[in-house]
Amino acid sequence: MADILLLEDDVTLAESLIFLLEDEGYEVSWVRDGTAAIDATATTSFDLLLLDVNVPGTDGFTALRSLRDAAIDTPAIFITALQDIRSLSQGFQSGANDYLKKPFDFDELMIRIKALIRQYYQGILETIEIGDLSFHIDRGELYRKSVFIPLSDYERRLVRLFFRHSGTTLTKEDILFETAHGEEASEGALRVRINKLRKIGLPIQTVKNVGYRLEIK
């Protein structure tokens, strides 16, 4: 499932959103100020940005504008108490894909999140196929000939990374950096996971002294 960056300084609201989003199967990284949000995108590839505006330090509008200037096109939704047309306009001018006014209904937020992720990833293929394996980007699900293959959270992040960059050599350092998310980040653990994926049928090749690549056959 998708990785979401949540920028929200209201602890109660943030904790509620994290609980509800994780219950829907999303992985959530939470930061409380705009500078931390910018820093987080430098270390993790997110599938969606969920941003409040009035937060400590760098505000949400400025943070997103900085990300867009850095060519980060991750879809973004503003969730804010700002109600006026000027703020709405400023939100979209800063690069937002959607804008939801507080207080909002969680079911409405979920509809918007799912629609935005689906729309964004259709542009880079919603489903990627390699051999008899297919990976559904938006759902984070791997199949062989329509048969679902269960994966751990770490394995799902690893498969998503390989499928997104199929045919490209990824360094071990980059793989560990992109997939660790607080879990054991060692080359030994990575080798174990990759060997398991090879047994599943993923054509992952070792590039000596560099890293790994998922071959396109």
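Predicted model: local features only at pLDDT ≥ 70, side-chain atom pairs only at ≥ 80, totals over all residues.
**Strand E4 and its surroundings**

The bridge partners belong to two strands, E4 and E5 (residues 98-101), which run parallel and are joined by four bridges. Between them the chain passes through helix H4, residues 85-93, and this β-α-β crossover from E4 to E5 is right-handed.

Now the other neighbour of E4. Strand E3, residues 48-51, pairs with E4, again in the parallel sense, over three bridges. Here Leu49 is the residue opposite Ala76 in E4. E3, helix H3 (residues 60-69) and E4 form a β-α-β unit, and that unit is right-handed.

How many of the five residues of E4 are buried? Five of the five, across residues 76-80, so the strand is largely enclosed by the rest of the structure. As a reminder, in a regular strand the side chains alternate between the two faces of the sheet. In E4 both faces are covered: Ala76, Phe78 and Thr80 are buried on one side, and Ile77 and Ile79 are buried on the other.

Next, H3. Asp59 caps the N-terminal end of this helix, with a side-chain oxygen 2.9 Å from the backbone nitrogen of Phe61. The buried residues in H3 are Gly60, Phe61, Ala63, Leu64 and Leu67. Looking down the axis of H3, these buried residues fall within an arc of 165 degrees, so they line one face of the helix. What do they pack against? The partners are strand E1 (3-7), helix H2 (34-43), E3, E4, H4 and E5. After H3 comes Ala71, which has a positive phi, near 65 degrees.

Phe61 also has a place in an aromatic cluster, together with Phe78, Phe92 and Tyr99. In the structure as a whole there are five aromatic pairs.

Last, a residue in another part of the chain. Glu155 lies in helix H6, residues 153-164. Is Glu155 buried or exposed? Its relative accessible area is 5%, and the cut-off for buried is under 20%, so Glu155 counts as buried. Its side chain reaches the backbone nitrogen of Ser152 at 2.9 Å. Leaving out residues up to four places away in sequence, Glu155 touches Arg193 and Lys196.

Notes
Residues numbered from 1 in each chain as written. Heavy atoms only, no water. Buried < 20%, exposed > 50% of the residue type's maximum accessible area, 1.4 Å probe, protein only. Pairing = 2+ DSSP bridges. Right-handed = clockwise from strand over helix to strand, strands pointing away. Arc of directions from axis to C-beta. Contact = heavy atoms within 4.5 Å. Polar contact = N/O pair within 3.5 Å; in protein donor to acceptor, adjacent residues only side chain to side chain. Phe/Tyr/Trp six-rings, centres within 6.5 Å; stacked < 30°, edge-to-face > 60°.
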